[in-house]
Amino acid sequence: MDYEFTEDWFSENNPEKVVRQFDEFLSEFKDKPCMFLEIGSFEGMSTIWMLENILTEESSQIFCIDAWAEWTGDAFVRFVSNINKTGLKDKVHIVKGDSSEELRNHDEKAVIKDAIGSFRILKKGGIIAFDDYLLGISYPNSPGSKAMNGSTKKAIDYFLDVFQDELEIIHKDYQVWI
């Protein structure tokens with residue numbers, strides 16, 4: 001397909017190679033009915049990968065929540081256009097707004113709220129992936145890092161510490177998978 005992306009935060013060409021973790025930890029859901037929640041979809045690169053590689057069963061769905069804040073430019077327009085090009089747009093539910101109840105800034109508290117909210121609705125045996133765990137460390141001058149008020153790593157570490165007896169960390173690098 002002729003998708004349009006301005007940045008590569010996901011593919012094999014990205015230095016973090018997060019697509020490898022997606023493949024490793026989500027492949028068990030391929031061809032099975034499932035629902036995914038993606039908080040932070042940007043231009044849809046990871047969403048499209050999941051649609052094409054994991055959410056292949058006819059009834060599978062993905063809910064994409066993103067504020068598509070001003071600093072992301074036309075990312076929302078590109079997201080919708082890219083999703084439409086997949087031919088699978090009926091599987092995608094788009095929620096444009098801040099996942100933490102329309103907070104003006106995405107900060108450490110918003111990350112913790114997202115983590116707890118997602119953890120509460122996660123089915124037993126389900127998986128959560130936290131992106132940008134090392135964003136401020138690895139890419140301190142990126143627009144996303146500059147827009148973040150606080151540390152994604154600090155917030156995720158706090159969540160992991162509080163819920164350590166209820167979860168298992170299966171991967172911890174640029175992304176954290178539980």
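Asp 132 comes out as partly exposed, at 25% relative accessibility (buried is under 20% relative accessible area, exposed over 50%, and partly exposed in between, with a 1.4 Å probe and protein chains only). The model is a predicted one, with local features needing pLDDT of at least 70 and side-chain atom pairs pLDDT 80 or more, while totals for chains, interfaces and linings use all residues. Numbering runs from 1 along each chain as its sequence is written, and side-chain values rest on heavy atoms, leaving out hydrogens and water.

Asp 132 sits in the loop between β4 (129-130) and α5 (135-138) (helices, H or I of at least four residues, and strands, E of at least two, are DSSP runs numbered from the N terminus). Though not a glycine, Asp 132 has a positive phi of about 60°. Most residues other than glycine have a negative phi. Asp 31 also has a positive phi, of about 65°; its place is the loop between α1 (18-26) and β1 (35-39), and with a relative accessible area of 49% Asp 31 is partly exposed.

Turning to the sheet, 3 strands form an open, parallel arrangement in the order β1-β2-β3 (strands pair if DSSP finds at least two bridges between them). β1 and β3 (92-96) stand at the edges with a single partner strand each, so one side of each lacks a neighbour in the sheet. Strand β2 (residues 61-66) is joined to β3 by 5 bridges, the two running parallel, and Ile 65 stands opposite Val 95 in β3.
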